[in-house]
Amino acid sequence: METRCLCLLLVCVLSLNHATADNGSVKNMKMQYTGMPLLKFQICVSCGYRRVFEEYTRVLSQRYPDIRIEGENFLPQPVYRHVASFLSVFKLAVIGLIILGKDPFTFFNVETPGIWLWAQENKIYACMMVFFLSNMIENQCMSTGAFEITLNDVPVWSKLQSGHLPSMQQLVQILENEMKLSAHMDSLPHRR
């Protein structure tokens, strides 16, 4: 009976993870759909840069109405995404076992550690501790610190390289220079 409960719990946790899995897809934050040039932001959403992106988008779309602005989450390396995904499933499994009062160590014929006995006696605290500790590690795994900006797939700013976010004045100056350069290149005669 205990083995069936553990198997059922494992199937539920895995199906929940499969239903909520990202599968590498990124949800775009498209702010504007018209215009020729594409200004693309790749940001670390878990770092809180979404608000900065939205503010920059608001100002830039007023100043440059012909630029299409898109934003997306800059994903960490696959190994970190897999660690975070594993932790989210493992966290749910541990919390489920604590709530059910099951001892997984007996299944493996291993002596039950004292922390598991404490968790069984203090279920609420143990579940909160597992939840918050796991979330902290998951957020660290998913955090990249990125704020990368490209104009028509040409990099114009990288927080990963510079170490800081661009000011609005810096970004406007960079865009002005890129657009002047682009206009100059378009005005040159094409040689074959």
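**Figure 1. Glutamine 42 in strand E2 of the predicted model.** Glutamine 42 is part of strand E2, in a structure that is a predicted model. With a relative accessibility of 25%, glutamine 42 counts as partly exposed, because that class lies between the limits of under 20% for buried and over 50% for exposed. Its side chain forms a polar contact of 2.8 Å with the side chain of glutamate 72. Leaving out residues up to four places away in sequence, glutamine 42 touches Glu72, Phe74, Ala146, Phe147 and Glu148. One of these, phenylalanine 147, is 105 residues away from glutamine 42 in sequence, yet the two C-alpha atoms are 5.8 Å apart in space.

**Figure 2. Phenylalanine 41 and the largest nonpolar core.** The largest nonpolar core has 21 residues, and those that touch the most other members are Leu39, Phe41, Leu60 and Ile149. Two or more residues of this core come from each of strand E2 (38-43), helix H2 (50-63), strand E4 (147-151), strand E5 (154-158) and helix H8 (168-187). The most is given by H8, with five residues. What does phenylalanine 41 touch, not counting residues up to four places away in sequence? The list is Phe53, Tyr56, Leu60, Ile69, Glu70, Gly71, Glu72, Phe147, Glu148, Ile149 and Leu171. Another core, of eight residues, lies apart from the largest one; among its members are Leu97, Ile98, Ala126 and Cys127.

**Figure 3. The disulfide between cysteine 44 and cysteine 47.** How many disulfides does a search of the whole structure find? The search finds one. The disulfide joins cysteine 44 to cysteine 47, with an S to S distance of 2.4 Å. In general, a disulfide is a covalent bond between the sulfur atoms of two cysteines. The torsion about the S-S bond of cysteine 44 and cysteine 47 is about 65°, so this disulfide is right-handed. Cysteine 44 is buried, at a relative accessible area of 0%, whereas cysteine 47 is partly exposed, at 29%.

**Figure 4. Helix H3 and the glycine that follows.** Helix H3 runs over residues 78-100, which makes 23 residues. At 1.5 Å a residue, H3 should span 33 Å, and this agrees with the 33 Å between its end C-alpha atoms. The buried residues of H3 are Ala84, Leu87, Ser88, Val89, Lys91, Ala93, Val94, Ile95, Gly96, Leu97 and Ile98. Leucine 92 also lies in helix H3. Is leucine 92 buried or partly exposed? Leucine 92 counts as partly exposed, because its relative accessibility is 35%. Glycine 101 follows H3 and has a positive phi, near 75°.

Figure 5. Helix H6 (residues 123-142) has 20 residues and should span 28 Å at 1.5 Å a residue. The end C-alpha atoms of H6 are 28 Å apart, which agrees. Which residues of H6 are buried? They are Ala126, Cys127, Ser134, Asn135, Glu138 and Cys141. These residues lie on the same side of H6, because they cover an arc of only 155° around the axis. The face turned away from this buried side carries the exposed residues Ile124, Tyr125, Phe132 and Gln140. H3 and H5 are included in what covers the buried residues of H6. The relative accessibility of cysteine 127 is 13%, so cysteine 127 counts as buried. Cysteine 141 is also buried, at 11%. Between cysteine 127 and leucine 92 the C-alpha to C-alpha distance is 9.4 Å, while the two are 35 residues apart in sequence.

Figure 6. Which side chain is joined to that of threonine 112 by a polar contact of 2.4 Å? The partner is the side chain of aspartate 103. Apart from neighbours within four places in sequence, threonine 112 is in contact with Asp103, Phe105, Thr106 and Leu117.

Key
Residues numbered from 1 in each chain as written. Predicted model: local features only at pLDDT ≥ 70, side-chain atom pairs only at ≥ 80, totals over all residues. Heavy atoms only, no water. Polar contact = N/O pair within 3.5 Å; in protein donor to acceptor, adjacent residues only side chain to side chain. Contact = heavy atoms within 4.5 Å. Core = buried A, V, L, I, M, F, W, Y, C linked by side-chain atoms within 4.5 Å. Buried < 20%, exposed > 50% of the residue type's maximum accessible area, 1.4 Å probe, protein only. Helix = DSSP H or I, 4+ residues; strand = E, 2+ residues; numbered from the N terminus. Expected span 1.5 Å × (residues − 1). Arc of directions from axis to C-beta. Disulfide = S-S within 2.5 Å.
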